[in-house]
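Here is a report on salt bridges and strand pairing in one protein model. Please view the structure first, then read on.

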Amino acid sequence: MNKQKMAVIGLGHMGRHMIHRLLPQYTEKIELVAVCDSDESSLLREVAEAGIGPRLYTDYCQLLDEVTLDLVYIAVPPSLHYDVARIAFEKGIHVFCEKPLANSLTEARSLVELAEKANRLHAVHFSLPLDPAVLKLQGLLEEQVIGQIQSMDLYLEFPQWPRAWQQNPWITSRQQGGYLLEVGIHWIQMIQQVFGPITHVKSEIEFPPDSNQSESRVQAVLRLHNDIEIRLSGTDQREGDERVSLVVHGEEGTLALENWCNLYRSGKDTHLQSVPVDDLVSPLPILKQIIQILHGESGLIYDFYDGYNAQVILEALRKSGEGFTDVRPHLMGDRQEVGFIVTP
């Protein structure tokens, strides 16, 4: 079996995770042939620690021009996603991109069009809908263990932003950073997959006096296609530990997905109790699904359509308004319901 030739562009947190943790699991099917980062000292250090010998670049344009590739993983800051993906598609390269898809709706829509024109695989690194806790949550909802859903609460609350392990030059910028863009996008996309399209958004957002800094507080309501509302509470001044959670209130009880992967359930007259999820087999990581597709097998990915539709909601949240904004005219298709199964 021929190995797929891959490049990693960007060695921030996710790029490092890719070369140190994910790619070593698939060395029989994929070959890392090139790595790029604008910080040459970081590039040399990370590659040495990983014990690998790909071609090294500090200029992604040069890498994409000189190296023959099947797949590129884009893990640079959001403002660069469009340019890297555009060049890759022009050269006929499959693209696996970090979230958010782009730095604006205009860029995101253009990337969808470029991906379709290139007829190459296009995937965004959304993994939350396939996490075992979310799969279990979805199964319990389908069984109606809490009856009809009445409302939901989404908490994106941090004692500080950025988090201690997340220091970089752009993560606090209003243009590219903030917890809505960095964390909220995961939950927006998961909600679109599990509960269906978000059709209306009402947001009240506060920013620091410094016009370059990202949001400090958000109070918003996301309305689903079936009129169920999700109350969103966001802050970078939470007391105590961070809370990143979705609580689903039903007629007969509650399901709570706390801090990404801990699932709890309560009934009308019972307190929240932990729900085990280790009986579920997840299709994660997304990289495995991409490799399957590139080797002629079926695989489940979230494509640029999903990335664009999530960004529609993200951008609406980042704009304050007195009433609800109807985002339906901006959404693309109906593919956000179950992801995208690809068979080459």
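Glu 242 is partly exposed, at 26% relative accessible area. Here buried means under 20% relative accessible area, exposed over 50%, and partly exposed in between, with a 1.4 Å probe and protein chains only. Arg 163 counts as buried, at 10% relative accessibility. The side chains of Glu 242 and Arg 163 form a salt bridge, 3.5 Å from N to O. The pair links distant parts of the chain, 79 residues apart. Glu 242 sits in the loop between strand 10 (229-235) and strand 11 (243-250). Arg 163 sits in the loop between strand 7 (149-157) and helix 7 (179-195). Helices (H or I, at least four residues) and strands (E, at least two) are DSSP runs, numbered from the N terminus.

This is a predicted model: local features need pLDDT of at least 70, side-chain atom pairs count only at pLDDT 80 or more, and totals for chains, interfaces and linings use all residues. Residues are numbered from 1 along each chain as its sequence is written, and side-chain values use heavy atoms, with hydrogens and water left out.

## Other salt bridges

The structure holds 18 salt bridges. Each is a side-chain nitrogen of Lys or Arg within 4 Å of a carboxyl oxygen of Asp or Glu. One of them joins Arg 223 to Glu 229, with the closest N and O atoms 2.8 Å apart. Arg 223 is partly exposed at 21% relative accessibility. Glu 229 is partly exposed too, at 27%. Elsewhere, salt bridges that share partners join Asp 83, Arg 86 and Glu 90 into one network.

How far apart are the closest N and O atoms of Arg 86 and Glu 90? They are 3.1 Å apart, in a salt bridge. The two residues are four apart in helix 4 (residues 81-90), so about one helical turn separates them. Arg 86 is partly exposed at 24%, whereas Glu 90 is exposed at 55%.

An open sheet of six strands has the order 3-2-1-4-5-6, with parallel pairing. Strands pair if DSSP finds at least two bridges between them. Strand 3 (55-57) and strand 6 (122-124) are the edges, each pairing on one side only. Neighbouring strands are turned by 20 degrees against each other on average, direction ignored. Axes are lines fitted to C-alpha atoms, for helices over the stretch in contact, and angles run from 0 to 180 degrees between N-to-C directions.

Four bridges join strand 4 (residues 71-74) to the parallel strand 5 (residues 94-97). Tyr 73 has Phe 96 in strand 5 as its bridge partner.
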